[in-house]
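Student: Could you take a close look at one part of this structure with me? I would like to follow one residue and what surrounds it.

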Amino acid sequence: MSSVALVLATLAGFLHVMIFVFESVLWTTPRVRAIFGTGSEEDARATQFLAFNQGFYNLFLAVGAVLGVLLVLLGVTEPGWTLVVASCASMLAAATVLAVTGAAHRGSALRQGTLPLLALLAAGAGRLL
């Protein structure tokens with residue numbers, strides 16, 4: 001189960017890197033505007049500084065998860081698992097906040113929160129077995 005948790009945490013990290021790219025690099029593009037429902041290019045430009053900042057939050061969570069996985073693989077297990085769990089728990093908490101903000105955001109929250117949730121469950125199962 002520990003290997004499964006590491007794979008899921010890595011995938012969650014990569015997903016959050018992709019979210020970083022969407023929010024901090026591609027925010028005003030038509031495709032990303034459609035994904036996030038930001039409307040016109042003018043609307044996207046008005047919120048670009050907020051999205052830019054939010055993107056970096058996602059990047060930092062991704063770095064934490066992937067760095068944690070690398071540490072575990074290198075045998076530095078306690079700090080590695082601490083990073084994996086803290087990063088995935090933060091990703092899941094953020095997805096939960098998004099979900100409770102309204103029904104329109106629940107699909108995004110589900111996509112954002114599923115991998116970290118599964119990683120945490122697999123990590124927990126690995127500790128119990």
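Tutor: Happy to! Keep in mind that this is a predicted model. Let's start with Arg 33, which sits in helix α2, a stretch covering residues 30-36. Arg 33 is buried, and yet it has no salt bridge. Which side chain of opposite charge is nearest to Arg 33? That is Glu 41, at a distance of 4.4 Å.

Now let's compare some other places. Helix α3 runs over residues 41-73 and includes Leu 73. Leu 73 counts as exposed because its relative accessible area is 60%, and exposed means over 50%. Together with Val 63, Leu 67 and Leu 70, Leu 73 makes a nonpolar surface patch of about 370 Å².

Finally, find Thr 82 in helix α4, which spans residues 77-100. Thr 82 is exposed too, because its relative accessibility is 53%. Its side chain reaches the backbone oxygen of Glu 78 at 2.8 Å. For a sense of distance, look from Thr 82 to Phe 56: they are 26 residues apart along the chain, and their C-alpha atoms are separated by 21 Å.

Key:
Residues are numbered from 1 along each chain as its sequence is written. This is a predicted model: local features need pLDDT of at least 70, side-chain atom pairs count only at pLDDT 80 or more; totals for chains, interfaces and linings use all residues. Side-chain values use heavy atoms; hydrogens and water are left out. Helices (H or I, at least four residues) and strands (E, at least two) are DSSP runs, numbered from the N terminus. Buried means under 20% relative accessible area, exposed over 50%, partly exposed in between (1.4 Å probe, protein chains only). A polar contact is a pair of N or O atoms within 3.5 Å; within protein, one must be able to donate a hydrogen and the other to accept it, and residues adjacent in sequence count only if both atoms are side-chain atoms. Lys and Arg count as positive and Asp and Glu as negative; His and the chain ends are not counted. A salt bridge is a side-chain nitrogen of Lys or Arg within 4 Å of a carboxyl oxygen of Asp or Glu. Patches are made of residues with over 30% relative accessible area and no salt bridge: like charges are joined within 9 Å, nonpolar side chains (Val, Leu, Ile, Met, Phe, Trp, Tyr) within 5 Å. Accessible areas come from the Shrake-Rupley method with a 1.4 Å probe; for residues, only the protein chains shown count as cover.
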